[in-house]
Amino acid sequence: MGTSIFMSKLKNYVIFLNISFLILCSAFALLYFHSLSPPSHLILNKNSNKQILKSTADQGCEGLHALSDYKAKCLYLKSNNPCVEQGYIDYLYLFYCKFGNFPFLGDSLLLLWLLVLFYVLGNTASEYFCSSLESLSKLFKLSPTIAGVTLLSLGNGAPDVFSSLVSFMGGGTSEVGLNTVLGGASFVSCVVVGVISIAVRSKCVRVNKHGLFRDVFFFLLVLLCLVVILLQKELDVWGALSFFSIYIAYVVVVYVLHIRSNNKDSELSGGVDSTHNGSDLAIPILQNMEKGELNTPIDEEEEGERRWFCLDSNSESTPSCGAFLSILELPLYLPRRLTIPVISEENWSKGYAVGSVTLSPLLLSTLWSSQIEDGKTLKVVVYGVGVVFGVTFGIVSYLTTDKSSPPRRCILIWLTAGFLMSVTWSYIIAQELVGLLVSLAYIFGVNPSILGLTVLAWGNSLGDLVTNLTMALNGGAEGAQIAFSGCYAGPIFNILFGLGLSLVGYCWSKYPSPVPIPRDPSLFQTMGFLAAALIWALLILPRKDMRLEGLFGIGLLVIYSVSISWSVIQALGASQVDHNVF
């Protein structure tokens, strides 16, 4: 019953975000067509602001804070290259040039758009990216352990991985990527573990001691290696590859220990299979709860929740109401469904399948052409190639698929296409998310890295909190152990694979020259508190006979609260100093 109520509330949240998306699109469209040329008062003020613009030109986009009013800032943005490279929308231009007279409205719309982006990124990872990875692991017949620490972990950490990649591949935002990954690791290892420990304190849940020591010591080793990297002034591609290779060592260690544990269990049980004894605590789980329920049109009547005029507390929804609610969920659902091939049994639709393989090449062509600055002929050729491939794929899929069941042949091609398009969508959304956060940092006058440490890390990790807590409460002792383990294995993966892959890509883009390492003292502070939380687990749990108790959870929450408070106070103090300088 509790899960049903939660999912009903979640559907209300999804509908709210879809309506918000429509409102935002309408507002942006009205603003765009309201004035296709600069307002006359901005042109009249150009000469009066000339000296200010000249004095701030050498300061980069940080000089934006030196300007007194929104008119000068708008002119500054029009006279210079975009301050934020990530994303397809210039949020600073929208805020200062379109919402200059109504800053509260601009703040509200941008924050609402931030919620939409967080939802779409997480939902794309869970509904499409994870589904593709899970199907690929089954197709390749990977063992549960290898699948858990490779493909399925990638699905779990997709938001952090893509946010980190976008931050490093963009200009001047590598600190955001570092703070996002470390902030997410701190949130999961402190807040999620702390909340789980407090929630199950009365159930006398014991966690596996060997698994805890293995994961925590490996976690500390990863943090030590990261400290060594940050102490260096530069990093080349070989150093990045060395850091990334630690992940391979982690996979090997987990697999070997898993095999040894299974052999011992088989000997003790007289040869009886015991693969689900809860000892393999390093296997992250798919962070999906009631998969397929969040973002598909409503087919069933629901009870017990009031939803506007369609539902009341004593009656069921009517068919017309169900259709209406289904339509409200389409704005954020339809664009991805029509461009990401899905061949799972429960979500199969021939119409969507044909449409996705037809439209996905067009989407890729559009993205490619947007990167071409000059050359209209080349853009036409790119669009033409996309149309040819799209029509060809659409005809072939229409002739070779059945309406009642997904295809049984060429499954690898379908799954690869779904994987690539889910990656494309995730990267697009992550670009917009990072670009919006950096823009908000300029608007509010704070360091973008603090928003990566807090807002971006929290948004990407809330799913871990909900799903792991639900599993711990409803999955018994085994569910609590798996959720507890995922809180350590997930961050290890995100740091080694997500951050490691970002560093490799960043260094490779500058090869053979080394790349500078961000000099952010707050990174060492974050890692110090994270190490303290890990040591706290090593000290307290063995003394409590490995039971998850309230004292352990409260200690973790205190460590995280002090860490975040200290970072925020330092960031606000530094921002105030910068404003005084300007």
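Among contacts in the protein chain (heavy atoms within 4.5 Å) between residues at least 6 apart in sequence, 79% join residues at least 24 apart. Before you dig in: this is a predicted model, where local features need pLDDT of at least 70, side-chain atom pairs count only at pLDDT 80 or more, and totals for chains, interfaces and linings use all residues. Residues are numbered from 1 along each chain as its sequence is written, and side-chain values use heavy atoms, leaving out hydrogens and water.

**Exercise 1. Describe the chain as a whole.**

Step 1: start with the elements. You'll find 21 helices and two strands; these are DSSP runs numbered from the N terminus, helices being H or I with at least four residues and strands E with at least two.

Step 2: turn to burial. Of the 582 residues, 52% count as buried (under 20% relative accessible area, 1.4 Å probe, protein chains only).

Step 3: finish with the surface. The accessible surface is about 27500 Å² (Shrake-Rupley method, 1.4 Å probe), and 64% of that belongs to carbon and sulfur atoms.

**Exercise 2. Work out how α10 and α19 are arranged, and what lines their contact.**

Step 1: get the geometry. The axes of α10 (residues 174-199) and α19 (residues 476-509) come within 9 Å and cross at roughly 175 degrees. Axes are lines fitted to C-alpha atoms, for helices over the stretch in contact, with angles from 0 to 180 degrees between N-to-C directions.

Step 2: classify. Angles over 145 degrees count as roughly antiparallel, so α10 and α19 are roughly antiparallel to each other.

Step 3: look at the residues. Among them are L178, V181 and L182 of α10, and A483, F484 and C487 of α19. By class, this contact of α10 with α19 has 15 nonpolar, two polar and no charged residues. Nonpolar covers Ala, Val, Leu, Ile, Met, Phe, Trp, Tyr, Cys and Pro; charged covers Asp, Glu, Lys and Arg; the others, Gly among them, are polar.

**Exercise 3. Is N18 buried or exposed, and which residues does N18 touch?**

Step 1: N18 sits in helix α1 (residues 2-34).

Step 2: check the accessibility. N18 has 0% relative accessibility, so N18 counts as buried.

Step 3: list the partners. Leaving aside neighbours within four places in sequence, N18 is in contact with L328, E329, L330, P331, L332 and Y333.

Step 4: zoom in on L332. The backbone nitrogen of L332 lies 2.9 Å from a polar atom of the N18 side chain.

Methods: Parallel < 35°, antiparallel > 145°, perpendicular 65-115°, else oblique. Buried < 20%, exposed > 50% of the residue type's maximum accessible area, 1.4 Å probe, protein only. Polar contact = N/O pair within 3.5 Å; in protein donor to acceptor, adjacent residues only side chain to side chain.
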